Amino acid sequence: YATEIAPKQIRGVLGTLFQLAIVVGILLATIVAIPLKEMANGWIAALGLAAFPAAVLSVGIWRFPESPRWLLAAGHGEAASVSLQTLRAQTAAEVSDELEEMAQAIAANATTVGSGGAEGYSALLEPRILRRLLLGVGLQVLQQATGVNAIFYFAPTIFEDARIGDPLFCAAATG
């Protein structure tokens, strides 16, 4: 959603900052867990702290405008214009060029997707696409299972088994 509604000049930066926020969040969660591990029922406090930002987002997301790109693809041009005006704090005239660019990209994408003979998700089952899809999904699964997330998840156990100081403190240092 964030990169879809961002102006094209900052989409890459925003995507990178989003990934950085995830890693910083993992680090902060580990740091917060250090004093909570000694508390009776500290895991409840940890879950409560984690639930707070999720609750704020769950309530706040209802105030987010719909994605202009999604609205355009669904055939709601006027609503897409209003949504983009809200996001950019600009007038209809000021967002018209960006809206037209989005419409052209959606039309080009629809033409490209539709040219394979199959429509919608059924195109994913075509042999030439299915192979690429399985390769992409498989690589993502392997990346998640063997990447830095696995290291963050298992670091306290590894440090504890290696009898290296306080496992959570060492995990925070690793983070």
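A salt bridge here is a side-chain nitrogen of Lys or Arg within 4 Å of a carboxyl oxygen of Asp or Glu. With that rule, a search of the whole structure turns up 4 salt bridges, and we will visit some of them on this tour.

Before you click, note that this is a predicted model, in which local features need pLDDT of at least 70 and side-chain atom pairs count only at pLDDT 80 or more, while totals for chains, interfaces and linings use all residues. Residues are numbered from 1 along each chain as its sequence is written, and side-chain values use heavy atoms, with hydrogens and water left out.

**Stop one: Lys8 and Glu101.** Select these two and you will see their side chains meet in a salt bridge, 2.9 Å from N to O. Lys8 sits in the loop between H1 and helix H2 (11–36) and Glu101 in helix H6 (residues 92–114), so the bridge ties together parts that are 93 residues apart in sequence. Helices are DSSP runs (H or I, at least four residues), numbered from the N terminus. Glu101 is partly exposed, at 40% relative accessible area; buried means under 20%, exposed over 50%, and partly exposed in between (1.4 Å probe, protein chains only).

**Stop two: Lys37 and Glu38.** Next, pick this salt bridge, whose closest N and O atoms are 3.7 Å apart. Lys37 is partly exposed at 38%, whereas Glu38 is exposed at 63%.

**Stop three: Glu126 and Arg128.** Here the N-to-O distance of the salt bridge is 3.6 Å.

**Stop four: Tyr1 and Phe64.** Now show the rings. Phe, Tyr and Trp rings (for Trp, the six-membered one) pair if their centres lie within 6.5 Å; planes under 30 degrees apart count as stacked, over 60 as edge-to-face and the rest as tilted. The count by this rule is 1 aromatic pair. That pair is Tyr1 with Phe64, stacked at 5.7 Å centre to centre with 20° between the planes. Tyr1 belongs to the segment before helix H1 (2–5) and Phe64 to the loop between helix H3 (42–60) and helix H4 (68–73), 63 residues apart. Tyr1 is partly exposed at 43%, and Phe64 is partly exposed at 40%.

**Last stop: H8 and H9.** Finally, select 148–161 and 167–174: these are helices H8 and H9. Which residues meet there? With contact meaning heavy atoms within 4.5 Å, those in H8 include Phe152 and Phe159, and those in H9 include Leu168 and Cys170.

Conventions: Helix = DSSP H or I, 4+ residues; strand = E, 2+ residues; numbered from the N terminus. Axes fitted to C-alpha atoms, helices over the stretch in contact; angles between N-to-C directions.
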